[in-house]
Amino acid sequence: MGCKSCTTGGCGTKTAAGTVGGCKNNGACGTGGCNKMNVFDWLSNMETPSMRRYDAAVEVKFKGGRKEYYRNPHQIDLTTGDFVVCEMQTGYHIGCVSLQGELVRLQMMKKNIQFSDDLKVIHRVASQKDLEKHEQAIARDLTTMYRTREVVKELKLNMKLSDVEYQSDNTKATFYYSSDERVDFRELIKILAAEFKIRVEMRQISLRQEAGRLGGIGSCGRELCCSTWLTDFKNITTSAARYQNLSLNPSKLSGQCGRLKCCLNYELETYVDALRDIPQVEKPLETQKGRASLQKTDIFRRIMWFGYSTESTWYPLPIARVMEIQELNKKGIIPESFDLLEPVAERKDKEAAKGLTSLNSDLEKLDKKFSDRSDRKKKRKKKKPSAGGDPAASNGRPNQNQNKEKS
């Protein structure tokens with residue numbers, strides 16, 4: 001979805017030569033520069049009956065990705081990307097329509113915004129003269145911010161000014177600042193109002209909101225989440241890094257805002273679910289080789305690495321083996337090693353019993369062998385003679401008495 005402000009120069013990015021400034025993509029910008037906090041209208045290609053189409057309110061986006069909802073009482077036919085003149089508390093401001101149709105109703109329900117007469121209205125679609133005046137107001141933002149920083153430094157106020165936003169009618173300016181303590185800027189407001197002839201509004205923002213307004217590239221190589229799509233900033237603690245076995249290095253865990261990175265919470269629930277079946281090792285495992293301390297846990301492969309204080313080698317153990325060793329240590333049993341869980345004395349007794357059993361089995365085999373031989377001999381002796389009645393003839397040998405008579 002192209003950015004109309006780039007094609008028209010309405011966002012202040014058009015140069016003196018008439019070409020597009022900034023990303024120079026002529027409406028095809030998808031990097032988040034002019035398209036900051038864009039929303040994809042997934043219902044835009046669906047035909048909706050005109051009677052059921054929701055056009056009572058639209059979402060309008062202003063500088064820095066700030067979005068507000070406005071009523072459309074005049075039933076103006078609006079398209080995403082149109083510049084409209086919106087009602088403000090004093091005067092008017094020009095913004096860009098970022099969302100319209102059924103998704104506006106769903107977003108208002110999600111954010112608990114009631115459609116009522118308290119919502120400000122859209123006066124009309126911005127004309128060319130309105131856009132020119134809007135560009136002039138945007139051109140004052142940078143110079144006003146630099147001058148305000150000088151005044152803040154002269155007054156020695158403990159605050160950091162990050163952005164200035166002029167109203168399109170040049171009657172009011174909003175100054176966004178961040179500070180860790182309460183700031184008395186009454187004198188600052190008097191100086192700014194007298195010098196710039198405007199109404200001054202000071203608005204304090206957090207460091208995360210400041211990073212979202214300024215934008216930038218994160219350590220992952222992509223644009224900051226807070227400046228492209230993230231709108232709700234949740235609480236982030238160092239326990240999120242501990243659950244994911246990350247090094248507690250402040251320089252690596254901190255984002256450009258100086259706080260813990262928002263992406264630490266993205267996969268936290270998955271890690272917490274995977275850690276439920278992994279045992280907690282509160283003390284080292286005891287073996288005959290020594291005490292082994294937990295060095296690392298591979299959460300998704302379910303492998304825990306242990307190492308002895310006297311060695312530099314780490315030994316991988318599955319979770320089931322770690323639980324077995326813990327149970328043995330609770331009973332006061334110290335296994336020989338990670339592979340042999342039985343104590344040395346018990347293992348020797350079992351080996352001795354095994355050797356005696358093998359010796360007895362060998363003797364039984366020999367006894368069986370000799371008993372089989374004796375049985376075969378007995379069977380041969382008890383074998384019956386042949387039909388002639390001569391036992392010698394049955395064996396195939398002549399009788400000795402007959403031989404003697406013939407001789």
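This is a predicted model: local features need pLDDT of at least 70, side-chain atom pairs count only at pLDDT 80 or more; totals for chains, interfaces and linings use all residues.
Me: Let's start with the whole chain. What makes up its secondary structure, and how much of the chain counts as buried?

Reply: The protein chain has 13 helices and 12 strands. Of its 407 residues, 34% count as buried. The accessible surface comes to about 26,900 Å², and 51% of that belongs to carbon and sulfur atoms. Among contacts with a separation of 6 or more, residues 24 or more positions apart account for 58%.

Me: Which residues is Leu230 in contact with, beyond its sequence neighbours?

Reply: Leaving aside neighbours within four places in sequence, Leu230 is in contact with Met37, Cys225, Cys262 and Tyr266. A contact here needs heavy atoms within 4.5 Å.

Me: Happy to move on to strands. What makes strand 1 a mostly covered strand?

Reply: Strand 1 (residues 57–61) has 5 of its 5 residues buried. Ala57, Glu59 and Lys61 point one way, Val58 and Val60 point the other way, and all are buried.

Me: How do you know that strand 1 pairs with strand 2?

Reply: Two strands pair if there are at least two bridges between them. Strand 1 and strand 2 (residues 67–71) are joined by 5 bridges, so they pair, and they run antiparallel. One of the partners to look for is Arg71 in strand 2, across from Ala57. The two strands form a hairpin with 5 residues between them, and Gly64 in the turn has a positive phi of about 80°.

Me: What about strand 1 and strand 4: how many bridges, and in which sense?

Reply: Strand 1 and strand 4 (residues 92–100) pair over 4 bridges in the antiparallel sense. The cut-off is at least two bridges, so this too is a pair. Lys61 stands opposite Cys96 in strand 4.

Me: Now the sheet with order 6-7-8. Why are strand 6 and strand 8 said to stand at the edges?

Reply: This is an open sheet of 3 strands with mixed pairing. Strand 6 (160–166) and strand 8 (199–204) each have a single partner strand, so one side of each is left without a neighbour in the sheet. Neighbouring strands are turned by 25° against each other on average, direction ignored.

Me: How are strand 6 and strand 7 joined, and which helices pack on the sheet?

Reply: Strand 6 and strand 7 (residues 172–178) run antiparallel and are joined by 6 bridges. In strand 7, Tyr177 is the bridge partner of Leu161. Helix 3 (residues 128–155) packs on the sheet, touching strand 6 and strand 7, and its direction makes about 155° with that of strand 6. Helix 4 (residues 186–196) also packs on the sheet, touching strand 6, strand 7 and strand 8, and its direction makes about 140° with that of strand 8.

Me: Thr174 lies in strand 7. What makes its label buried or exposed?

Reply: The relative accessibility of Thr174 is 10%. The limit for buried is under 20%, so Thr174 counts as buried. Not counting residues up to four places away in sequence, Thr174 touches Asp163, Val164, Glu165, Glu201 and Arg203.

Me: Which residues of helix 5 are buried, and what covers them?

Reply: In helix 5 (residues 207–214), Arg208, Glu210, Ala211, Gly212 and Arg213 are buried. Their cover includes strand 6, strand 7 and helix 6. Just after helix 5, Gly215 takes a positive phi of about 80°.

Technical notes. Residues are numbered from 1 along each chain as its sequence is written. Side-chain values use heavy atoms; hydrogens and water are left out. Axes are lines fitted to C-alpha atoms, for helices over the stretch in contact, and angles run from 0 to 180 degrees between N-to-C directions. Buried means under 20% relative accessible area, exposed over 50%, partly exposed in between (1.4 Å probe, protein chains only). Accessible areas come from the Shrake-Rupley method with a 1.4 Å probe; for residues, only the protein chains shown count as cover.
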